[in-house]
Amino acid sequence: MHPIPRHAPRPARDPRVGVIVIGYNDAAHVTTAVRSALAQGPAVREVVAVDDCSTDDSVDLLARLATAEPRLKVVRRRVNSGGCGSPRNTGLDRVTTPYVMFLDSDDVLPPGAVDALLAAATGADAEVAGGLCVRRELPGRREVPWQAPLYAAHAVVERPAQRPRLVHDTLCVNKLYRTDFLREHGIRFPEGRFPYEDFVFTARVLAARPRIALVPDRVYVWHVRRSADRLSISLDRADIANWRARTEASRLAYEILLGAGQKELARAARAKFLDHELRIYARESGLHDTPYQRAWWAHTRAYLAQYDASDWAHNPTAPGRLIGRVVLASPEPRDLPRLRDLASRPARLLPPYAHAPDGTPVWSADLPDVTLEPLLTRPVRLLPLAVDAELRPRARTALLRLRLHELYGRVAQAGPEALEVEWRSRETGVAAGPRTNVAPRPASAGGGGVWSAEVTVDWSAFGAGTWDLRLRVRFRGGAYREVTAHAVAGAGLLRRRAAIGARHALVLVQPYATHSGSLALRVAPGLRGVMSVVRSKFRRLLHRHCP
């Protein structure tokens with residue numbers, strides 16, 4: 001792997017790129033996606049819009065657009081495939097350009113995306129060029145980079161095995177592919193309704209050992225609409241079938257890489273499953289009922305039984321690996337709330353902290369074979385420290401009580417000196433004022449394995465929206481650990497309340513626990529927010545007193 005020269009070649013201006021846009025019943029967005037591809041400029045020779053047999057106005061809108069835009073080709077499939085792979089394959093069959101990209105109907109290509117990728121691919125003579133994708137949460141428009149470390153700088157990867165982290169970027173849409181490379185190696189998507197088809201396609205690409213150019217440019221905007229009537233396939237995780245589909249796609253990706261002799265990438269794919277997939281679904285375990293949890297546990301246990309000793313050997317107390325080891329150690333679901341917090345980012349290992357008869361740290365007295373001994377030597381900045389947070393709102397302020405738990409003696413050894421407290425807007429990333437520093441103190445005369453601190457929260461610093469609590473624990477010698485806080489939910493602590501916000505305005509404040517158990521706040525302004533509290537209390541009274 002080596003960097004691209006500082007003065008990269010200018011993008012070729014002759015039309016060399018085809019963009020395949022796929023959609024199904026997405027009349028509200030599909031023309032916006034197509035226009036973003038056409039707006040890339042003269043490098044785009046054609047846009048192939050593949051409609052997967054929509055029943056809305058999608059095809060009519062595309063046909064109308066095509067009458068004014070000769071570069072647009074509209075292809076309508078006769079039968080709905082139920083997935084994304086088949087329409088993309090249809091587009092691959094129709095595209096005539098040396099290079100090809102993919103775009104989903106509800107996303108967009110930002111200006112300059114094609115030029116940046118084409119310049120990188122031609123300048124490095126690469127079969128694949130990839131750039132930064134950002135997830136834009138709608139309607140708030142907060143943007144979160146996807147796999148940002150991969151795209152921190154211009155680089156060329158001679159062989160994928162040189163950068164195993166590539167297996168983490170399973171998206172196909174933030175990349176430009178040389179068309180004859182895909183056709184020569186028979187690289188296509190799984191047909192039909194196959195969720196997570198990107199996993200398999202990406203594995204097939206990496207297995208063919210392409211030369212890959214990476215650029216730090218934003219090349220794709222992935223719109224995440226969690227409040228939509230119809231969730232995307234990857235976001236619709238309500239049914240256990242989604243988890244089975246995800247594990248199947250992960251299994252196929254591993255087998256493709258292993259079968260191609262890419263052992264290091266295959267191993268990295270298994271590690272990625274533990275660190276990413278397993279943690280996502282463990283975090284959301286509390287959202288599901290008992291039958292789902294039992295099915296999830298049994299399926300996960302059967303899948304992880306295929307792993308061998310070397311898959312667990314590296315960093316055995318990393319959160320995903322520890323979750324997997326607990327699942328394997330117990331035939332029935334157990335400790336799901338504790339596993340949920342361990343799956344948070346950053347991870348939290350909540351008490352109880354048990355020991356084996358010989359004094360070795362273990363997961364619990366019931367599972368002594370799940371050893372935690374490596375925690376005794378991990379750097380303190382990597383430890384899954386647990387902080388409990390209890391918020392007691394008042395009219396103008398609130399009292400935030402924090403409790404930092406000991407972790408097998410490592411906290412006392414490191415010497416906690418300060419807790420830095422910050423509330424950050426989930427929509428904008430802006431903090432509600434400067435960080436607050438407070439010195440933690442032992443909870444009892446003998447320490448008791450807990451350090452506590454209290455902080456006053458001023459509502460006048462908060463605007464409308466969702467606010468996440470962020471903490472930094474500082475230790476002697478300058479070491480620190482970034483953590484989130486486990487929300488304590490008792491005695492009505494997470495109830496909605498009316499408070500006095502900025503400029504003495506009324507606001508509605510709702511402390512709550514996120515999917516991963518972290519403390520967060522929802523703040524709604526004005527009389528509308530207060531009235532919603534009144535209506536909610538009135539409904540509860542009716543429910544309590546009516547038969």
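## Exercises: a strand and a helix pair

Let us start with a strand pairing: 2 bridges join β4 to strand β8 (residues 175–178), and the two run antiparallel. This is a predicted model, in which local features need pLDDT of at least 70, side-chain atom pairs count only at pLDDT 80 or more, and totals for chains, interfaces and linings use all residues. Residues are numbered from 1 along each chain as its sequence is written, and side-chain values use heavy atoms, leaving out hydrogens and water.

**Exercise 1.** Find which residues stand opposite Tyr99 and Met101 in β4.

*Solution.*
- Strands (E, at least two residues) and helices (H or I, at least four) are DSSP runs, numbered from the N terminus.
- Two strands pair if DSSP finds at least two bridges between them.
- In β8, Arg178 stands opposite Tyr99.
- Strand β1 (residues 17–23) runs parallel to β4, joined by 6 bridges, and Val19 stands opposite Met101.

**Exercise 2.** Work out why β4 counts as largely enclosed.

*Solution.*
- Buried means under 20% relative accessible area, exposed over 50%, and partly exposed in between (1.4 Å probe, protein chains only).
- Tyr99, Met101 and Leu103 point one way, Val100, Phe102 and Asp104 the other, and all are buried.
- Because 6 of the 6 residues of β4 (residues 99–104) are buried, the strand is largely enclosed by the rest of the structure.

**Exercise 3.** Describe how helices α7 and α8 lie relative to each other.

*Solution.*
- Axes are lines fitted to C-alpha atoms, for helices over the stretch in contact, and angles run from 0 to 180 degrees between N-to-C directions.
- The axes of α7 (residues 240–259) and α8 (residues 263–283) come within 8 Å and cross at roughly 165°.
- That makes α7 roughly antiparallel to α8 (angles under 35 degrees count as roughly parallel, over 145 as roughly antiparallel, 65 to 115 as roughly perpendicular and the rest as oblique).
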